[in-house]
Amino acid sequence: MSKPIGIFDSGLGGLTVLKVLAKNFPHESFVYLGDIARLPYGNKSPETIRKYGDQILRFLKDQDVKAMVIACNSASTVYLGEKSFEGIPLLNVIEPGSKAALEISGGKPIAILGTSATIRSHAYAQTIRRIHPATEVTEISCPLFVPLVEEGVVHNEITDLVIKRYLEQVKTRKIETVILGCTHYPVLADDIRKYLGQVNLVESGEVLTREIEALNLAKHSGTRQIRVCITDVTDHFERLAQELMYPETLGPLEKIIL
């Protein structure tokens, strides 16, 4: 079996990225790690996020991966500009997400939704303004989105109230391009569209597809394998993982200790 592609996130939200990449690269194997035991990353310091990230990247390196994807936006902010980790290609979501939003918006205003850590870093806003200084950027911290998704509280009146609370200014200002700056947020995409109406949502999975294609990695041969590893296991997370990855079938989640 050839080398897999490694992906990590602070929790199970990154499975939204794995699902897209598994679909777009049907002959590749993947190793995913969700750091559920230390979720969320969005309210932690850059130093703590970096410590956790380095531990996970070394774990992925030990799995003999050929590339690493930081699906977590909060973690991506502390690895911004780094193209490799101990000799292995390293991808994150900030720059490709920013470029994709600029292509879609055509110079019109862009809103960025993210965790406290992602918004506090201003990584998306700075990247967008570096590429296109005239673009108007609105940054919105949405700390309740992650626990809603992790607890499976979506598509109901509670979700609707939280979305209205956070996104009222996006709707009022009629911003048409919105970066979902956290891998959990695509789970809420339908709810967000219901509130905002016609809106272009930029999701991490699709923008990372182009980045992986650009690496021109050796094609996979042999039996495909998708491993999902997490740092804590509950029946709730097992069920949520299967729901997030549907129709892709997952085997039992693997608990690992970093």
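The model is predicted: local features need pLDDT of at least 70, side-chain atom pairs count only at pLDDT 80 or more, and totals for chains, interfaces and linings use all residues. Residues are numbered from 1 along each chain as its sequence is written, and side-chain values use heavy atoms, with hydrogens and water left out. Helices (H or I, at least four residues) and strands (E, at least two) are DSSP runs, numbered from the N terminus. Two strands pair if DSSP finds at least two bridges between them. Buried means under 20% relative accessible area, exposed over 50%, and partly exposed in between (1.4 Å probe, protein chains only).

**The seven-stranded sheet**

- Seven strands form an open sheet in the order E4-E5-E3-E1-E2-E10-E11, with mixed pairing.
- Its edge strands are E4 (84–85) and E11 (254–255), each of which pairs on one side only.
- E10 and E11 pair in the parallel sense over two bridges. Isoleucine 230 has lysine 255 as its bridge partner in E11.

- Five of the five residues of strand E2 (residues 30–34) are buried, so the strand is largely enclosed by the rest of the structure.
- In a regular strand the side chains alternate between the two faces of the sheet.
- Both faces of E2 are covered: Phe30, Tyr32 and Gly34 are buried on one side, and Val31 and Leu33 on the other.
- E2 runs parallel to strand E1 (residues 5–9), joined by five bridges. Aspartate 9 has glycine 34 as its bridge partner in E2.
- From E1 the chain crosses through helix H1 (residues 15–24) to E2, and this β-α-β crossover is right-handed. The term means that, with the strands pointing away from the viewer, the path from the first strand over the helix to the second runs clockwise.
- E2 is also joined by five bridges to strand E10 (residues 226–230), again in parallel. Here tyrosine 32 stands opposite valine 228 in E10.

- Five bridges join E6 to E7 in parallel. In E7, serine 141 is the bridge partner of glycine 114.
- Five bridges join E6 to E8, also in parallel. Leucine 113 stands opposite leucine 180 in E8.
- Helix H6 (residues 123–131) has Ala123, Tyr124, Ala125, Thr127 and Ile128 buried.
- The buried residues of H6 pack against several elements, including helix H4 (94–105), strand E6 (110–114) and strand E7 (137–141). Contact means heavy atoms within 4.5 Å.

**Isoleucine 36**

- Isoleucine 36 lies in the loop between E2 and helix H2 (46–62).
- The residue is buried, with a relative accessible area of 7%.
- Leaving aside neighbours within four places in sequence, isoleucine 36 is in contact with Ser10, Gly11, Leu12, Ile230, Thr231, Asp232 and Phe237.

**The cavity**

- A cavity is a set of points on a 1 Å grid over the protein atoms alone where a 1.4 Å probe fits but cannot get out; lining residues have an atom within 4 Å of a point.
- The count comes to one cavity of 30 Å³ or more.
- The largest cavity has a volume of about 70 Å³. Volume here is the space filled by probe spheres set on the points, with grid points joined across faces, edges and corners.
- Its lining has 14 residues, of which Ser10, Ser74, Thr115, Val146 and Cys182 lie nearest the centre.

**Backbone geometry**

- Most residues other than glycine have a negative phi, and most peptide bonds are trans.
- Leucine 39 and proline 40 are joined by a cis peptide bond, with omega about -5°. Proline 40 lies in the loop between E2 and H2.
- A cis bond also runs from tyrosine 246 to proline 247, with omega near 10°. Proline 247 sits in the loop between helix H11 (235–245) and E11.
- Aspartate 64 has a positive phi near 60°. This residue is in the loop between H2 and strand E3 (67–70). At 41% relative accessibility, aspartate 64 is partly exposed.
- Histidine 122 has a positive phi of about 60°. Its place is the loop between H5 and H6. Histidine 122 is partly exposed, with a relative accessible area of 35%.

Key: On a 1 Å grid over the protein atoms alone, a cavity is a set of points where a 1.4 Å probe fits but cannot get out, and a pocket is an open set with protein on both sides within 12 Å along at least five of seven lines; lining residues have an atom within 4 Å of a point.
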